[in-house]
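This briefing is intended for a reader who has the sequence and the three-dimensional structure at hand. Please keep both in view while reading the points below.

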Amino acid sequence: ALAVQRSLNSQLKFPCLDRCGKTSQCSRLVSYLEGQGQSAELWRFPDRSTSVGQMISSYLSNTSQLDDHTIHLLFSANRWEKRSLMETKLKTGTSLIVDRYSYSGVAFSSAKGLDFEWCKAPETGLLDPDLVVFLDISPEKAAERGGYGGERYEQIEFQRKVAKNYEVLRDASWKVVDACQPIEDVEKQLQEIVLDCVMSCQKGKPFSHLWS
Ligand code: FDM
């Protein structure tokens, strides 16, 4: 059945440290793709609009406390609850620009000391992105940008561990963009990389699943 499931369009994932500019770049990308006549949507994980997302949100703002394993599984559940809609959107020709995905799930939770493979396990079977873009910034540079808003993970020591985990997760297929360049340069590079991917996905491409 998989062979006839065509990913008519692409989903592109941005796993990153906090304060790398990914959220504004993701929304610029959606506008760009629309300007190119493409149907595109901006998605974001955690999706704080669902009831699972609200539990995550209150955890992140330190309003509630949860065991590390429990919150990890909630982040994962938050992706699973959107999985079928994601597939529907892609099949009907909408590209999804996704601000964070399973890679953030693994990088952040394992930075707390949870086993890496244990962190990957609940993500198994989610849709594999057609492209992963990593906006590269050092934890120090990200902290200099300020705006650490006091959410749970916005601390430099922790972000250093997260950065190391992204290095472990990163493979040759990831596109790495230097997030310290001027915003317009980052934007231009992203446009090229992403349009390229969207075009190649339109030729029809079967879905693949994590962790392939
Ligand atoms: N985060 C995000 C996780 O710890 N696990 C996940 O699965 C995801 C998707 O949540 F610090 C962390 C990363 C970040 C925080 O993300 C909220 P945004 O992008 O800052 O909203």
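Helix α5 (residues 102-110) contributes the most to the shell around the ligand, with three residues. Helices (H or I, at least four residues) and strands (E, at least two) are DSSP runs, numbered from the N terminus. The structure is a predicted model, in which local features need pLDDT of at least 70, side-chain atom pairs count only at pLDDT 80 or more, and totals for chains, interfaces and linings use all residues. Residues are numbered from 1 along each chain as its sequence is written.

**Ligand surroundings**

- Ten residues surround the ligand, and the closest are Phe-45, Phe-75, Gly-105, Phe-108 and Tyr-153. A residue is near a molecule if its C-beta atom, placed from the backbone, lies within 6 Å of it.
- The shell consists of six nonpolar, two polar and two charged residues. Ala, Val, Leu, Ile, Met, Phe, Trp, Tyr, Cys and Pro count as nonpolar, Asp, Glu, Lys and Arg as charged, and the others, Gly among them, as polar.

- In strand β3 (residues 95-99), five of the five residues are buried. A residue is buried if 20 or more other C-beta atoms lie within 10 Å of its own, exposed if 12 or fewer, and partly exposed in between, with C-beta atoms placed from the backbone.
- In a regular strand the side chains alternate between the two faces of the sheet.
- Both faces of β3 are covered, with Ser-95, Ile-97 and Asp-99 buried on one side and Leu-96 and Val-98 buried on the other.
- Strand β2 (residues 40-44) runs parallel to β3 and is joined to it by five bridges; two strands pair if DSSP finds at least two bridges between them.
- Ala-40 stands opposite Ser-95 in β3.

**Overall fold**

- The protein has nine helices and five strands, and along the sequence they follow the pattern β-α-β-α-α-α-β-α-α-β-α-α-β-α.
- The radius of gyration of the protein is 17 Å, close to the 17 Å that the globule rule gives for 212 residues, so the protein is as compact as a globular protein of that length. This radius is taken over C-alpha atoms, and the globule rule is 2.2 Å times the number of residues to the power 0.38.
- Buried residues make up 36% of the 212 residues in the protein.

**Confidence**

- The pLDDT, the predictor's confidence in each residue from 0 to 100, averages 91 over the protein, and 92% of the residues score at least 70.
- Over residues 1-8 the pLDDT is below 50.
- The model scores ipTM 0.99 and pTM 0.93.

Conventions:
Contact = placed C-beta atoms within 7 Å.
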